[in-house]
Each structure stands twice: as structure tokens, then as C-alpha cells.
Amino acid sequence: MDRAPGVSVRLKLALSYAGFLMIAGALLLAAVWVFLLRYVPERALIVNAETPTHGVFPVRSNLLRAFAPSAAAVLVFLLIFGLLGGWLLAGRMLAPLTRITDATRMATNGSLSHRIRLTDRKDEFRELADAFDTMLAQIETHVAEQQRFAANASHELRTPLAISKALLDVARTDPDRDTGELVARLHAVNTRAIALTDALLLLSRAEQRSFTREPVDLSLMAEEATETLLPLAEKHGVTVETGGDIARTSGSQALLLQLTTNLVHNAIVHNLPEQGTVWVSTGVRPRTVVLTVENTGEKLTPQLVSTLTEPFQRGTERVRTDHAGVGLGLAIVKTITRAHDGTLTLTPRAAGGLRITVELPAGAEADGVSGQAQPDHPGRTGRDRSRRASPEGRSP
């Protein structure tokens, strides 16, 4: 928004300093008048020759004529001194603000790598500059992540579109080709593109925190996700075990169910070729609730684990199966966790596989709940929640 230029802060401060000195000088002269000149007689005194006092006695009018020019000269000096001194002092004091303003202009023009880095002693300007540098660093990191995400998303979306185009070109140039196989492949490609689009929309919704918070029990989310993915676990020969405490938090039930489903799905797909195991458990801590998903699998390095929450990261290799996902599973988990003010921890298991822990703030109803029966869990306590699902058959 364009506005008319006004008086600079430096000039305002200089005028303020000068005005303060002028007021202080005027008050000093007033004090001299009140406490000194009032004791000077207004008329000349007659002194007897016999008194020991000799000399000339001043008269108030004479003193005023002699004092007024000097007082005016002092006030003029204070005015000039206040303007010059105030201008210099204001410039010195506002120098850090000028650097902050320059850094802001550079950031506005797209240069996010510039930093102020004030080296003066810690004061209000130093705190402002440090906070601004921290903000710039976070914005730079966020912009880099968004650019990388946009590039990866464009690549991932381009792949099914390119495949669809190639299939359609083949069908157009070869009318006698079997359309059944072509339709099946197009259906698979479009299904994957729709899944990717849905994942991107879910990720955007979680990042914007556009959801209503309500009481959620993570143990119920774990049970529902396990029930949904039992066929997939049976297909992969993976045993799924669930258990733990009633863990109440506050948030979006749909997003937290998606979080749990993604974790269990990831643990099932990225597991041993046969006889793998997934452990899903919930717990209650003094101020938080915890969801833990642990699975067997190949040994992972800490360096690889630290990258698994990046979008479109699929572990040691790009899995190509019917349930491989679109590479956004753990990225969505990370975003949902952050949107619920929680923490996500990924730890490689020494025997192979991965341990993922989601820690969320406990809900208002979670205080003192552990080990107690809840209304929506009739006859069940916090510890009576163990379940087991294996490829040989579902648990009752």
C-alpha cells in the first residue's frame, strides 16, 4: 500500500533530543530566576558611611539586562547542540534497524540467504535481528522443501500421464490390439494417479490445519487400521499384533486414522519377505499419549531413516506392487503429527526393521485415564487391549 512520505524516525528523535535540551535549559533558567534573582533588590540601596559594607549593590533590572543575552545564547547553543547531537545519536542507535530494513527488502526481492548477524551486545535490536535471521532460515528451508516437493510431485504426476498417453498412442496406431489388456493397464495407471492426487490433497489439508479438533482414542485408531489392513497382512505373510492402553488425545479423527493406517501399511509392505511381524501399541505418559508401530525387516542405516519422511521417499528401493503407495505415506504422517502439535521419531531396529513413535499431547479426558474402564469400552480396561492377527487366520 503506497503512502505519502513522512518525517523520518531519525529526524523525529533528533528534534526530540533538541526539544528536551531546550526544555531542560528553560527550566534551569526559571530556577535561577525563582531562587536567585528574587533576592536581588529592585531599587538601589542607601548604605550608611559608618557600616563596614562597601562596594556596589546590583539592581534586578541591571542583572536581567546582563543575564538575558547570555541566557538566549545558551538556549541557541542547546538547540544547535541538541539537533546535531541528536541526529548523530539517533543515526547510531538506528543503524541496526537500517540493516534489518535492508535485509527485509532483500528477502522481499527473493534473496532468502542473506542474514543480518548483529555482533553488538544483546539488546532489543539484537533480539529482533536474531529472530529475523531465524525466521529467514525457516522460510528458506520451507521454500526449498516446497520447491523440491513441487518438482517431485510434478515428476510423479507426469509418469502416469505419460504412460496413459503412450498406451493411447499404441491403441490409436494399432486398432487390432486387444483392448482388454489396454483398459486394464489404463485403469491401473489412473488408479495410481488418483491415489497420488488424493494424497497430495490430504497433505495440503494437514499442512493448513483445516480441521476441527475432537476427542480421539489412538487405541481405537490402531484397531481400526489393523482390521482394515488384515487382508494385506495375510497376503504378505505378516503377523500383526496390537495392544496397549487407552490413549486419548484431541484432533481430527479422520487424519489420525489416516496417520495410523499409513504407519501400519508401511510396516506391512516394508517387511520381511515371509514370516514378518508388526507390533502396534499405544501408551499414556504424564502429559502425552504415544502410538508406536514397529516392524521386522531389512537393517536400515540412521542416514537412510532420517530421509524416510521426505515426500516420495520409498526406502531402500522403489517398491512396485499393487500396494506400494505413492511415496507420501510417512510424509503425510509427519505433516499430520506436526499439525497436531506432536513429535515423530524414527529409529532403526538393531535386528532389522523400523520403530516409529508418534507422541501427541494428551486430551483433557486423558488425565488419570490409564488403567480405568471408559464408557465407550464397556468392561475393558487400559491394559486389556491385546490383539493378534496372523496369516493363518484372524484373531477373534
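Me: Where does Gln275 sit?
Reply: Gln275 lies in the loop between H6 and strand S4 (276–284), where helices (H or I, at least four residues) and strands (E, at least two) are DSSP runs numbered from the N terminus. This is a predicted model, in which local features need pLDDT of at least 70, side-chain atom pairs count only at pLDDT 80 or more, and totals for chains, interfaces and linings use all residues. Residues are numbered from 1 along each chain as its sequence is written, and side-chain values use heavy atoms, with hydrogens and water left out.

Me: And what is the phi of Gln275?
Reply: Gln275 is not a glycine, yet its phi is positive, at about 55°. Most residues other than glycine have a negative phi.

Me: Is Gln275 buried or exposed?
Reply: Gln275 counts as exposed, at 70% relative accessibility, given that buried means under 20% relative accessible area, exposed over 50%, and partly exposed in between (1.4 Å probe, protein chains only).

Me: What about Arg117, which loop is that in?
Reply: Arg117 belongs to the loop between helix H2 (60–108) and H3; its phi is near 55°, again positive in a residue other than glycine, and Arg117 is exposed at 57% relative accessibility.

Me: Changing topic, how many residues of H6 are buried?
Reply: Twelve of the 17 residues of H6 are buried, so the helix is largely enclosed by the rest of the structure; among them are Leu255, Asn262 and Val269.

Me: Which residues does helix H6 cover?
Reply: Helix H6 covers residues 253–269 and reaches 24 Å from its first C-alpha to its last, close to the 24 Å expected at 1.5 Å a residue, the expected span being 1.5 Å times one less than the number of residues.
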